Amino acid sequence: MSRPVLRRALAELPAYVPGARSPVGAAAFKLSSNENPFPPLPSVMAAIADAAVDVNRYPDMYATELTEAVAQQLGVPAESVVMGCGSVAVLGHVLTAFCEAGDEVVLPWRSFEAYPIAVTLAGAVAVPVPVADDGRLDLPALAAAVTDRTRVVLVCTPNNPTGPAVRADELETFLDAVPEHVLVVLDEAYVEFVRDPQAADGLAVFEARRNVVLLRTFSKAYGLAGLRVGYAVARPRHAAGIRAASTPFGVSHVAQLAALASLRARDELLARVESIVKERARMLDGLRAQGWTVPDSQANFVWLPVGDQASALAERCSRAGVVVRPFTGDGVRVSVGEREATDLLLGATAEWLAR
């Protein structure tokens with residue numbers, strides 16, 4: 001007797017592994033998911049409460065007011081902005097809009113864990129290109145991996161989980177080498193944390209290049225990870241296709257109003273971002289003073305390249321009171337959180353080196 005059969009691709013689909021939560025009842029800082037450590041601003045909380053009374057209604061399907069507000073802030077047409085349920089969902093819509101079955105998507109690795117999952121679910125074939133030893137994307141190698149079957153190239157800047165941002169000159173050279181019919185997706189989930197003066201300006205690149213799409217999110221700098229709001233910035237014709245591929249009513253009414261309130265309070269939120277950037281510098285300085293070689297992070301996390309010792313180091317940190325994110329065989333990513341959390345981390349890493 002025949003039975004429904006799942007797609008064969010699912011059998012080899014890598015599982016997305018979320019950052020571990022603090023053990024129940026344990027006094028531990030959660031530094032495993034690149035979350036903003038600050039709670040929502042009072043004005044954002046008020047917007048969430050106001051929106052709650054309307055959850056019996058469907059949200060605005062196209063998040064019209066939020067789309068217009070984001071477009072105004074970025075200086076792009078509203079037709080160029082596509083909202084979605086977090087930037088990872090928007091990435092899925094981009095791939096669905098541009099990839100036929102069997103098309104290739106070139107991506108850096110290790111990079112954002114959801115990339116190979118999203119590519120596979122879109123029916124495309126992932127072509128991973130190793131990240132350089134210093135944690136930077138190897139853009140010449142990414143360009144060299146493009147073939148006549150390539151439809152999309154993913155560029156994560158700053159790169160998650162290693163941290164460095166792509167520099168303007170290297171991105172220009174890369175884009176010159178990529179055929180214009182290949183879509184280049186600049187994933188800028190951590191753009192608000194970038195302080196490298198040589199880093200690429202994604203918006204300027206988008207304006208200059210017709211084959212570039214930007215991905216951004218409200219999860220990190222704006223602290224709305226639990227409400228899932230992200231968006232793409234694309235040429236109007238491309239944006240229309242991405243919008244057509246999107247999940248209807250993908251951004252809840254609560255999330256839309258919270259994001260709007262966050263945009264209105266942007267100066268307050270960016271002040272919080274600046275404090276995270278300063279704590280990032282303290283974490284990096286402390287690790288380097290201990291003797292660690294760590295990449296120059298431009299995000300809200302740092303990377304410890306410990307290879308096969310990732311799980312053991314994560315366990316040591318957990319015992320010290322900080323929950324971090326191990327990537328088996330590669331390293332440990334540590335989100336920047338409270339000052340006390342950094343102190344506990346530095347204590348654990350010092351003990352690790354002194355073994």
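Which residue in β12 does phenylalanine 327 stand opposite? I looked this up at the start, bearing in mind that the model is predicted. Phenylalanine 327 faces glycine 331 of β12.

**Entry 1. The sheet around β12**

I next traced the strands on either side. I found an open sheet of three strands, ordered β9-β12-β11, with antiparallel pairing. I noted that β9 (301-304) and β11 (325-327) are the edge strands; each has a single partner strand, so one side of each has no neighbour in the sheet. I then examined the pairing of β11 with β12 (residues 331-335), which run antiparallel and are joined by three bridges. I also looked for a helix against this sheet and found α10, which packs on it and touches β9 and β12. The direction of α10 makes about 20° with that of β9.

**Entry 2. The nonpolar cores**

I recorded 84 residues in the largest nonpolar core. Among the residues with the most contacts inside this core are Leu66, Met83, Phe174, Leu304 and Val334. I noted that helix α10 (residues 266-290) supplies the largest share of this core, seven residues. Another core lies apart from it and has 27 residues, including Leu107, Val152, Leu183 and Ala234. I kept a general remark beside these entries: in soluble globular proteins, nonpolar side chains tend to be buried together.

I then took phenylalanine 174 by itself. Leaving aside neighbours within four places in sequence, I listed Leu139, Leu142, Ala143, Val153, Val155 and Val184 as the contacts of phenylalanine 174.

Threonine 157 and proline 158 are joined by a cis peptide bond, with omega at about -5°. I placed proline 158 in the loop between β5 (150-156) and α6 (168-177). A cis peptide bond also joins asparagine 160 and proline 161, where omega is about 25°. I placed proline 161 in the loop between β5 and α6 as well.

**Entry 3. Positive phi angles**

Alanine 63 has a phi of about 45° and sits in the loop between α1 (42-52) and α2 (64-74).

Arginine 228 has a positive phi near 60°. I located arginine 228 in the loop between β7 (212-217) and β8 (230-233). I classed arginine 228 as partly exposed because its relative accessibility is 29%.

**Entry 4. Threonine 120**

I found threonine 120 in helix α4 (residues 114-121). Its relative accessibility is 19%, so I counted threonine 120 as buried. Not counting residues up to four places away in sequence, threonine 120 touches Arg7, Ala9 and Leu13.

**Entry 5. Helices α3 and α8**

I compared the axes of helix α3 (residues 87-98) and helix α8 (residues 236-244), which come within 8 Å and cross at roughly 105°. I therefore recorded α3 and α8 as roughly perpendicular to each other. At their contact, His93, Val94, Ala97 and Phe98 of α3 meet His238, Gly241 and Ile242 of α8. I divided the residues of this contact into four nonpolar, three polar and no charged.

Definitions and conventions:
Residues numbered from 1 in each chain as written. Predicted model: local features only at pLDDT ≥ 70, side-chain atom pairs only at ≥ 80, totals over all residues. Heavy atoms only, no water. Core = buried A, V, L, I, M, F, W, Y, C linked by side-chain atoms within 4.5 Å. Buried < 20%, exposed > 50% of the residue type's maximum accessible area, 1.4 Å probe, protein only. Helix = DSSP H or I, 4+ residues; strand = E, 2+ residues; numbered from the N terminus. Contact = heavy atoms within 4.5 Å. Pairing = 2+ DSSP bridges. Axes fitted to C-alpha atoms, helices over the stretch in contact; angles between N-to-C directions. Parallel < 35°, antiparallel > 145°, perpendicular 65-115°, else oblique. Nonpolar A, V, L, I, M, F, W, Y, C, P; charged D, E, K, R; others polar.
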